[in-house]
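This briefing covers a pocket and the packing of some helices. Please look over the sequence and the structure before reading on.

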Amino acid sequence: MTSEMLIGIDVAKDELVIDSEQGLLTLANTAEAIDAWLKTLPTGSYIGLEATSDYHQLMAEQAVLMGMVVYVLNPRDMRHYALGLGRRGKTDRVDAQMIRRFITAERGHLRPYQPASAMQHQVALLQRRRATVVKHRQALQKALRSVKELEAPLIDTVVALDGLLKHIDQQLDDLLTLQPALKAEARRLESIPGIGRQTSTQLAVLFDRVPLSRSDAVVAFVGLDPRACDSGQKRGRRRVSKRGPGELRRLLYNCAQAAAKTAVWKPYYQELRAREFSATQALVIIARKLLRIAFSLWQQADARFDAQKIACLNNAA
């Protein structure tokens, strides 16, 4: 076989439903079955599959290693795409066909998947688990804080969860220590007022893994870009797109809350509020600027945050 193929794959825990020029195929989601099937494809074939927990990673990573171009797609996008085409049913076969049809039409606008290194994969896993612990810690505090009878055990539980978070943080630090250059870059990002240890780690891993050329691309990748909603003479309210890594957006928003209390960012926050931006809008704007500055520092070797430039940066679009 000499010409590439276009392939859509619906991923489940135990099996893969594949749609290609050769027809429909059901394949076990195991390394042996995937490797044998990939060897039947021409190098450079295009494979699209949805991000489905961790079940898609085996196929995606092996396909890239064997010279295929892989697109890991947002399941929500595929659902809307299918609805837009008038498909009323949802089955594994239909999903695979929709994915193939989507990459056939849109692959020129999609970003090919790049497998994470072992360290990056482990860091991402720990960060997701950490986010889960933080979420449940907050939920417990909100649910039980008004129950006096449970005050003591709640305190003990929170202390235990805090200990777990410290343990995860130590493991993350140990992983970064294995790559001193990356760790140094992460620590350099902490020179930005408001950026803390968890956010600097996520940003450094993101910038190291994903080749983003412009700050606008970084903002869009993280999902802090404003989404237009205009029609005719109507100019609708702008909202952030919320695409990409939700945990990183949450961390950047928290960083903005901390930054707004510093001498560097507080005047700008107050200026935004005086211009009748809501508190949430002002913090999102600051979060977006923190992200842009972090990317700018990443691109400049050994550069650190310069507070004297903040006025110029605040006037940027």
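The model is predicted.

**Largest pocket**
- The largest pocket holds about 2,100 Å³ of space.
- Its lining is made up of 48 residues, and Ala 51, Val 72, Phe 221, Gly 244 and Pro 245 are the ones nearest the pocket centre.
- At least two lining residues come from each of α2 (57-65), β5 (69-73), α3 (75-84), α5 (118-144), α8 (197-209), α9 (215-222) and α10 (246-259).
- By class, the lining of the largest pocket has 21 nonpolar, 14 polar and 13 charged residues.

**Helices α11 and α12**
- Helix α11 (residues 266-274) and helix α12 (residues 279-299) have axes that come within 9 Å and cross at roughly 135°.
- At this angle α11 counts as oblique to α12, and the crossing is right-handed.
- From α11, the residues Tyr 268, Tyr 269, Leu 272 and Arg 273 meet Ala 279, Ala 282, Leu 283, Ile 285, Ile 286 and Lys 289 of α12.
- This contact of α11 with α12 comprises eight nonpolar and two charged residues, with no polar ones.

**Helices α10 and α12**
- The axes of α10 and α12 are 8 Å apart, and the two helices pack at an angle of about 105°.
- α10 and α12 are therefore roughly perpendicular to each other.
- On the α10 side, Leu 252, Tyr 253, Cys 255, Ala 256, Gln 257 and Ala 259 take part, meeting Thr 280, Leu 283, Val 284, Ile 286, Ala 287, Leu 290 and Leu 291 in α12.

Conventions: Residues numbered from 1 in each chain as written. Predicted model: local features only at pLDDT ≥ 70, side-chain atom pairs only at ≥ 80, totals over all residues. Heavy atoms only, no water. 1 Å grid on protein atoms, 1.4 Å probe; cavity = no way out; pocket = protein on both sides within 12 Å on 5 of 7 lines; lining within 4 Å. Points joined across faces, edges and corners; volume = space filled by probe spheres on them. Helix = DSSP H or I, 4+ residues; strand = E, 2+ residues; numbered from the N terminus. Nonpolar A, V, L, I, M, F, W, Y, C, P; charged D, E, K, R; others polar. Axes fitted to C-alpha atoms, helices over the stretch in contact; angles between N-to-C directions. Parallel < 35°, antiparallel > 145°, perpendicular 65-115°, else oblique. Left-handed = near helix turned anticlockwise from the far one by under 90°. Contact = heavy atoms within 4.5 Å.
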